[in-house]
Amino acid sequence: MLELATFSLLNGVVYGLLLFMLSSGLTLIFSMMGVLNFAHASFFMLGAYFSYQAGRWIGFWPALVITPLACGIVGALVERYGLRKVHPQGHVAEILFTFGLSYVIGELVIMAWGRGPIENRVPASIDFPIFTLMGTSYPFYKAMMMAISAGMFAFLWLAFKRTRVGLVIQAALTHPQMVGALGHDVPRLFVLVFAIGSALAGLAGVIGGFALLTEPNMAVALGPIVFVVVVVGGLGSIPGAFIASMLIGIVQTFAVALDYALLDLFKAMGVSVAANSALRELYAIKIAQAAPILPYFLLVLVLIVRPRGIMGTRDQ
Amino acid sequence: MSRAARGLALSAVLLAALPWVPGLDGNFARSLLSQMGIAAIFAISYNLLLGQTGLLSFGHAVYFGLGGYAAIHLLRAVNGGVPIPVPLVPIAGALAGLAAGIVFGAVATRRAGTIFALITLGVGELVHAASLMLPGLFGGEEGITASRTKAPHLLGLDLGSQVQVYYVIASWLLVTALVALAFMRTPVGRMCNAVRDNPERAEFIGYNPRRVRFLACSVAAMLAGLAGGLHAINYEIVTSDAVGATRSGEVLLMVYIGGVHHFIGAILGAVAITWLQVSLSNYTTAWLLYLGLFFMAIILYAPGGLAAIVVKHLAIVRNRAMGSVLRAYALALPAAMMMVAGAATLVEIAYRLSTQPEAGTRMKLFWIPMNAATAWPWLGAAGIATIGFLLLRRAAPRVRAAWDTALHG
Amino acid sequence: MAEPALCLRDVHKSFGATSIIRGVSLDVAAGERHAIIGPNGAGKSTLFNLISGRLAPTRGSILLDGRQIAGLAPYQVSRLGLARSFQVTNIFPRMSVFENIRCGLLWPLGHRYDFWRGIDGLSDLNERATRTLEQIRLTARRDTLAGVLTYAEQRALEIGITMAGGANVILLDEPTAGMSRAETENAVELIREVSEGRTLVMVEHDMSVVFGLADRISVLVYGEILATDVPARIRGDEAVRSAYLGTAHA
């Protein structure tokens with residue numbers, strides 16, 4: 001029991017950090033450009049595939065550097081030649097553009113690498129156990145993931161709060177003309193922000209590609225959960241995204257391990273439910289089955305009770 | 001007869017005649033027409049939200065699917081002896097959609113814009129997951145089935161043939177169009193437009209924007225449920241994909257590509273996308289990529305959709321300026337075709353290599369045999385695409401100028 | 001003394017640590033034309049936002065015909081008979097001019113959330129809308145989309161939407177901002193006509209408009225009322241002159 005709990009906790013933390021890596025970039029783009037980037041998880045997927053391909057050509061460590069750069073460049077091009085054109089049409093059009101983009105990137109990945117999952121194996125250089133707990137060993141690359149996430153958090157915090165560029169970008173979100181009149185190249189700033197966000201997603205993809213299965217459906221599986229994280233944490237708040245990622249990551253990982261249903265609770269209390277009762281099916285659902293949709297419950301709950309999110313500042 | 005009445009009468013005649021047009025009188029074509037009819041109703045319901053009230057929903061299939069499930073359960077009851085004629089069964093779908101719209105709408109419409117979109121996304125995922133977890137209600141992986149022929153026969157029609165089902169669908173399409181158009185002409189319908197344009201100002205003239213959105217959501221959900229009910233009758237089975245994210249995405253694409261600013265846009269989009277899905281998927285495995293690129297092109301270059309393009313050209317014809325516009329197209333269109341053909345060739349050979357390696361590398365595109373393993377198809381296609389792109393770049397300003405003169409003199 | 005149409009009692013508004021409105025008390029009598037003037041940043045738009053419900057006061061009370069409205073939502077305040085226009089034009093750009101005005105009339109004429117009747121069949125509504133259209137002299141632009149009107153036409157429409165519903169208390173926020181001399185004169189005529197028998201509170205920078213229209217003037221400086229009086233006495237007030245008017249208006 002303790003072993004289960006400990007490993008669930010560790011894995012939950014790792015999963016939560018993965019979610020944070022993804023949601024931090026999304027939060028950056030949203031809070032600085034007002035665009036909810038549906039294609040964000042697609043850049044994550046691109047990161048996984050790029051690093052796989054680059055890893056096969058030039059080795060893992062160079063790929064670790066090249067991949068975020070490549071994703072950043074793709075992001076910059078998308079912003080410069082696509083999103084920028086759509087910007088004057090308003091937020092709905094921007095969201096739809098990124099929505100279409102997510103379809104397209106998904107298909108391009110299939111075009112290049114096929115429909116099935118690819119053998120994205122953890123390279124030997126990081127696949128050694130870093131410690132052994134209760135008989136099971138914990139691999140180094142998961143610790144590496146933690147380190148990279150922590151690094152991201154620090155980077156974003158500094159970028160937001162300490163740099164001039166961060167301050168200018170924040171101003172440009174609400175008063176782009178004024179910031180432009182003050183001499184800053186606002187369109188170029190937006191390209192920069194989108195590129196950085198995409199690069200972060202790509203970096204997350206490098207590690208995420210090992211932790212999860214690398215296949216064309218990656219983005220679709222993870223994308224909505226990242227939205228939940230961003231909304232629950234509070235649109236526009238990086239600390240909020242961190243808290244929400246950890247919350248969802250840990251809760252979901254624990255839930256998957258729990259093979260109990262409400263029916264078991266009733267049995268323990270001595271309450272019996274008729275075999276042909278209409279709600280019996282509902283009570284028979286195990287927590288483990290419901291685990292994938294717990295985040296959505298949380299989303300709807302938060303949006304009803306506290307739409308601002310845990311630490312949100314923007315009230316749309 | 002007023003313009004609206006004339007339009008409706010004309011549409012009724014057109015719909016009635018369609019399945020007898022030579023070329024459309026086969027079973028496959030009639031089945032396709034039925035599919036388009038259902039999609040059109042679904043799209044009209046979605047446009048009530050997006051085009052008329054400015055609400056972007058990523059979970060509209062929830063109402064479609066729940067309506068479908070309600071209808072198929074009723075159909076099963078009818079199979080068991082309940083005396084309800086099948087053409088009326090979709091009403092159960094409409095009612096289920098309305099109920100769901102009231103419940104979910106009350107939650108979702110507390111906010112607008114991006115948050116509303118995210119709520120609909122979350123609710124959609126929840127309902128879809130629930131549909132797989134409650135097999136008693138939703139039939140699990142296999143779905144729920146029923147028969148549309150084992151029922152009391154209205155006017156001697158047993159709905160065994162596809163053309164009869166088509167007429168049921170077409171009739172409901174007319175009813176939907178009537179309801180949607182009439183709704184937009186009511187005070188609350190007008191306020192939907194106002195809330196779309198400027199929700200803040202709507203508050204200052206006495207209206208609670210949340211209430212207006214809630215009403216729009218409920219009506220849209222009802223019509224979506226109606227479409228779902230017809231879906232149940234047409235296919236005699238409803239599975240969990242009826243509430244899934246894919247279907248929600250589909251109707252969004254239909255309505256946006258068709259055009260959100262005109263009523264006819266929803267119908268155009270439904271017809272076009274249904275046709276593309278069915279026919280294009282026969283020719284190529286890359287059709288989803290083409291659809292996605294098409295969608296993005298519409299957003300970038302023709303945000304008013306197909307309907308706006310049609311309306312623009314009707315205006316050009318009215319101004320008797322079509323000739324000069326056609327001259328501008330003379331260079332642009334071939335250039336565009338070159339670009340598309342070249343790019344499509346690249347896509348096709350790439351897809352063949354990555355997704356169908358067992359089919360070998362020899363293939364025939366645009367009536368030209370080629371071997372995807374050799375270099376020249378790649379180089380040739382890339383070259384043609386590039387030339388087409390450059391020519392299009394040159395021709396585009398001329399086209400824009402021609403439109404400008406044709407429309408504004 | 002009849003109940004004032006609009007009554008503000010010690011209204012305060014702060015945003016965090018910043019105080020914008022610091023204790024404003026004001027009585028506007030029924031049927032009065034009241035102008036609020038003051039330097040930029042004095043809080044005039046904030047005051048309007050507080051009265052019309054867009055913001056809630058931090059402290060103090062606002063009474064409309066004796067009824068507490070502080071903190072109510074804008075649509076609730078509007079239903080109680082108070083209408084406002086905006087400094088930055090706030091219309092429905094994708095609807096026609098006629099539709100814009102008609103929407104402003106829906107609630108006051110009791111049509112609520114009706115969905116069982118077509119709007120074109122409501123004769124009282126359409127007649128009132130047409131008359132308002134004539135009043136704001138935009139009959140020629142009846143079917144034009146509001147988004148493509150000229151600036152002055154949009155301002156006129158803005159006033160039209162505000163006044164069409166027959167609200168008893170009308171707030172106009174810089175109605176003649178950005179207008180030429182001729183356009184301003186037309187606007188003043190329109191405002192005078194439409195505010196007959198109603199209570200008007202107006203924020204304005206154009207002194208000729210203020211002194212031509214207002215029965216009484218309040219001077220708002222740094223969130224406080226410096227003086228409230230008839231135009232002649234305001235003009236001569238030393239404090240007002242040094243704070244705002246300057247000696248050129250002597």
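The following exercises, each with a worked solution, concern a predicted model of a complex in which the predictor gives an ipTM of 0.90 and a pTM of 0.90.

**Exercise 1. Arrangement of the chains**

Task: Determine which pair of chains has the most contacts, and how chain A and chain C are placed.

Solution. 
- Step 1. Two pairs of chains touch, and the most contacts are between chains A and B.
- Step 2. Chain A and chain C are joined by no contact; their closest C-alpha atoms lie 14 Å apart.
- Step 3. Chain B does touch chain C, through 26 residues of chain B and 36 residues of chain C.
- Step 4. As to confidence in chain C, its mean pLDDT is 88, and 97% of its residues reach 70 or more.

**Exercise 2. The interface of chain B and chain A**

Task: Describe the area, the polar pairs and the composition of the contact between chain B and chain A.

Solution. 
- Step 1. Chain B supplies 42 residues to this contact and chain A supplies 44 residues.
- Step 2. About 4000 Å² is buried between the two chains, with 78% given by carbon and sulfur atoms.
- Step 3. The count of salt bridges between chain B and chain A is zero, while five residue pairs, both at pLDDT 80 or more, are in polar contact across the interface.
- Step 4. On the chain B side, the elements giving two or more residues are H5 (113-133), H6 (135-138), H11 (245-258), H13 (287-301) and H15 (322-355), each a helix of chain B.
- Step 5. H5(B) provides the largest share of that side, eleven residues.
- Step 6. By class, the chain B side divides into 30 nonpolar, eight polar and four charged residues.

**Exercise 3. The interface of chain B and chain C**

Solution. 
- Step 1. Helices H8 (187-197), H9 (199-204) and H10 (209-235) of chain B each give two or more residues to the side that touches chain C, and H8(B) has the largest share, eight residues.
- Step 2. This side of chain B has eleven nonpolar, seven polar and eight charged residues.

**Exercise 4. The setting of His60(B)**

Task: Decide whether His60(B) is buried or exposed, and identify the polar partner of its side chain.

Solution. 
- Step 1. His60(B) is placed in the loop between helix H2 (27-53) and helix H3 (61-79) of chain B.
- Step 2. Its relative accessible area is 0%. The cut-off for buried is under 20%, so His60(B) is buried.
- Step 3. The side chain of His60(B) makes a polar contact of 3.0 Å with the side chain of Ser45(B).
- Step 4. Beyond its neighbours within four places in sequence, His60(B) is in contact with residues including Phe42(B), Leu49(B), Ala224(B) and Val251(B).

**Exercise 5. Salt bridges within a chain**

Solution. 
- Step 1. The side chains of Asp185(A) and Arg188(A) meet in a salt bridge (3.3 Å, N to O).
- Step 2. In chain C, Asp206(C) forms a salt bridge with Arg181(C), the closest N and O atoms being 3.0 Å apart.

Definitions and conventions:
Residues are numbered from 1 along each chain as its sequence is written. Chains are lettered from A and ligands numbered from 1 in the order in which they are written. Side-chain values use heavy atoms; hydrogens and water are left out. Contact means heavy atoms within 4.5 Å. Buried area is the accessible area (1.4 Å probe) that two parts lose on being put together, summed over both. A salt bridge is a side-chain nitrogen of Lys or Arg within 4 Å of a carboxyl oxygen of Asp or Glu. A polar contact is a pair of N or O atoms within 3.5 Å; within protein, one must be able to donate a hydrogen and the other to accept it, and residues adjacent in sequence count only if both atoms are side-chain atoms. Helices (H or I, at least four residues) and strands (E, at least two) are DSSP runs, numbered from the N terminus. Ala, Val, Leu, Ile, Met, Phe, Trp, Tyr, Cys and Pro count as nonpolar, Asp, Glu, Lys and Arg as charged, and the others, Gly among them, as polar. Buried means under 20% relative accessible area, exposed over 50%, partly exposed in between (1.4 Å probe, protein chains only). pLDDT is the predictor's confidence in each residue, from 0 to 100.
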